[in-house]
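Biologist: I should like to learn how to read a model of this kind. Please take me through its features in turn.

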Amino acid sequence: MQQITTPATDTDAFSYASYRRLLTRLLERGYRFGTFVEALGNPWAGSSPRVLMRHDIDFDLPAARRMAEVEREVGVEATYFFMLRTAHYSVFTKEGTAEVQKILDMGHHLALHFDCAAYPEDASEEDLASACRKEAGMLGDWFNRSVEVVSYHRPSPVVLTGNPALSAPLPHTYMSQFVNDMKYCSDSRGQWKYGDPTSQTAFQEGQPMHILIHPIWWTDSAIPAEAVLAHWLREQIDFIENSMEANCTVYQKKRGQGNA
Ligand SMILES: [Zn+2]
């Protein structure tokens, strides 16, 4: 299958078709898709190579659900990390809850994406770990699932040390077991910084892999990251305007006059 071996630097690098090919190649190489807790408890003993598919959700719940659908089509599972303290979306709105629930109903795993910037700059390790526990508890309670792992949003040098105390007793994704004991690949800022996962020696050798994919960057036609964000922003404006119209008669009159 020649097209599968094409590196993810071509024009469809971040399309759903490309993502489907990545998943298929992992399966063809014999990879099994696992969870972070499994990886922690059993450091990949056994015969099959393993991969952790991680999604940090920074912007867009519908984009996350779309990625989950691709994974379901291929028959693999992933872990979805959602933020509670962000201005970009809410898992607690009617629409947000419905999107996350669809992802969970497809068999994917619920996890917490945690933003240090929402807390004081001088927060201690224990302060942050306590906040992680609190947010993980809220997220898990809301969806009636357990939240067993945390990923830090925009990790600082302190987070990148991998210190387990930062989220204890929950593990976090920058701990040594997840970034040093396995090959870590990320599509941060809409590009594979060190080449796509299947170009890695670790893939060819069937070594454990940890792949971070942000669903916001992946679309039907792999449009540039700037255009993706511009489209996302327009959708947010529409969403807020519709909510204002549904909840505020003053705005209904104003918008009606504007349309007249
Ligand atoms: Zn993030």
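**Reading the metal site and the cores**

Modeller: Asp 58 and His 113 are both buried, where buried means under 20% relative accessible area, exposed over 50%, and partly exposed in between (1.4 Å probe, protein chains only). This is a predicted model, in which local features need pLDDT of at least 70 and side-chain atom pairs count only at pLDDT 80 or more, while totals for chains, interfaces and linings use all residues. Residues are numbered from 1 along each chain as its sequence is written, and side-chain values use heavy atoms, with hydrogens and water left out.

Biologist: Which residues are the protein donors of the zinc ion?

Modeller: Donors are N, O and S atoms within 2.8 Å of the metal (3.2 Å for Na, K and Ca); water is not among the atoms, so sites may look incomplete. Here they are Asp 58 (OD), His 113 (NE2) and His 153 (ND1), lying 2.1 Å from the zinc ion. Their spacing in sequence is D-x54-H-x39-H.

Biologist: Which residues have the most contacts inside the largest nonpolar core?

Modeller: A nonpolar core is a set of buried Ala, Val, Leu, Ile, Met, Phe, Trp, Tyr and Cys residues joined through side-chain atoms within 4.5 Å. The largest has 57 residues, and those with the most contacts inside it are Tyr 19, Met 53, Tyr 80, Phe 82, Tyr 152, Ile 213 and Trp 218. Apart from it lies another core of nine residues, including Phe 81 and Met 182.

Biologist: What is the mean pLDDT of the chain?

Modeller: pLDDT is the predictor's confidence in each residue, from 0 to 100. The chain's mean is 90, and 90% of its residues reach 70 or more. Over residues 1–11, the pLDDT is below 50. Where pLDDT is low, the predicted coordinates should not be read in detail.

Notes:
Contact = heavy atoms within 4.5 Å.
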